[in-house]
Amino acid sequence: MVQVLYQELSNSDSNYFYIGIPKDWSGAKDEEVTVIVDDVCVIVPKTIAGATGELIVLRLLEAMMEGNVIKAGDIQKAIEHIL
């Protein structure tokens with residue numbers, strides 16, 4: 001399930017921004033996640049945190065394509081440059 005949410009970063013305190021995660025998100029049933037913040041923010045449910053990286057990367061790429069952040073052709077070009 002890919003859900004695209006557009007939010008303002010107005011919900012914050014002096015140290016953090018708080019973003020809403022839908023309660024029907026499949027990862028929410030874990031009740032524990034890992035949040036990775038760099039140029040992008042990735043929220044990984046505990047059940048797949050120990051999985052090989054392929055699953056996480058594929059889900060991230062799928063979500064980015066669904067959100068019109070990146071195009072499939074750009075992903076292909078990036079992979080070709082890596083290889």
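E32 counts as partly exposed because its relative accessibility is 45%; in this scheme buried means under 20% relative accessible area, exposed means over 50%, and partly exposed lies in between, with a 1.4 Å probe and protein chains only. Please note that this is a predicted model, in which local features need pLDDT of at least 70 and side-chain atom pairs count only at pLDDT 80 or more, while totals for chains, interfaces and linings use all residues. Residues are numbered from 1 along each chain as its sequence is written, and side-chain values use heavy atoms, with hydrogens and water left out.

To stay with E32: this residue forms a salt bridge with K46, and the closest N and O atoms are 3.7 Å apart. A salt bridge here is a side-chain nitrogen of Lys or Arg within 4 Å of a carboxyl oxygen of Asp or Glu. The pair links distant parts of the chain, since E32 lies in the segment before β1 and K46 in helix α1, 14 residues apart. A search of the whole structure finds 1 salt bridge.

Next, the backbone. E31 is also placed in the segment before β1, and its phi is near 65°, a positive value in a residue other than glycine. With 77% relative accessibility, E31 counts as exposed. N68 likewise has a positive phi, of about 55°, although it is not a glycine. Most residues other than glycine have a negative phi. N68 sits in the loop between α2 and α3 (72-82) and counts as exposed, at 69% relative accessibility.

Let me turn to the overall fold. The chain has 3 helices and 2 strands, and from the N terminus on the elements run β-β-α-α-α. Helices (H or I, at least four residues) and strands (E, at least two) are DSSP runs, numbered from the N terminus. The C-alpha trace spans about 40 × 30 × 25 Å along its principal axes. Of the 83 residues, 12% count as buried.

Which elements give two or more residues to the lining of the largest pocket? I begin with the pocket itself, which has a volume of about 1600 Å³. Of its 39 lining residues, Q3, C41, V42, I43 and A63 are the closest to its centre. The elements in question are β1 (33-37), β2 (41-45), α1 (46-49) and α2 (53-66), and the largest share, 6 residues, comes from α2. On a 1 Å grid over the protein atoms alone, a pocket is an open set of points where a 1.4 Å probe fits, with protein on both sides within 12 Å along at least five of seven lines; lining residues have an atom within 4 Å of a point. The volume is the space filled by probe spheres set on the points, which are joined across faces, edges and corners.

Finally, the surface. L9, F17, I19 and I21 make a nonpolar patch of about 390 Å². Such a patch joins nonpolar side chains (Val, Leu, Ile, Met, Phe, Trp, Tyr) within 5 Å, from residues with over 30% relative accessible area and no salt bridge. I21 is found in the segment before β1 and counts as partly exposed, at 38% relative accessibility. I19 and N68 are 49 residues apart in sequence and 19 Å apart in space, C-alpha to C-alpha.

How values were computed
Patches are made of residues with over 30% relative accessible area and no salt bridge: like charges are joined within 9 Å, nonpolar side chains (Val, Leu, Ile, Met, Phe, Trp, Tyr) within 5 Å. Accessible areas come from the Shrake-Rupley method with a 1.4 Å probe; for residues, only the protein chains shown count as cover.
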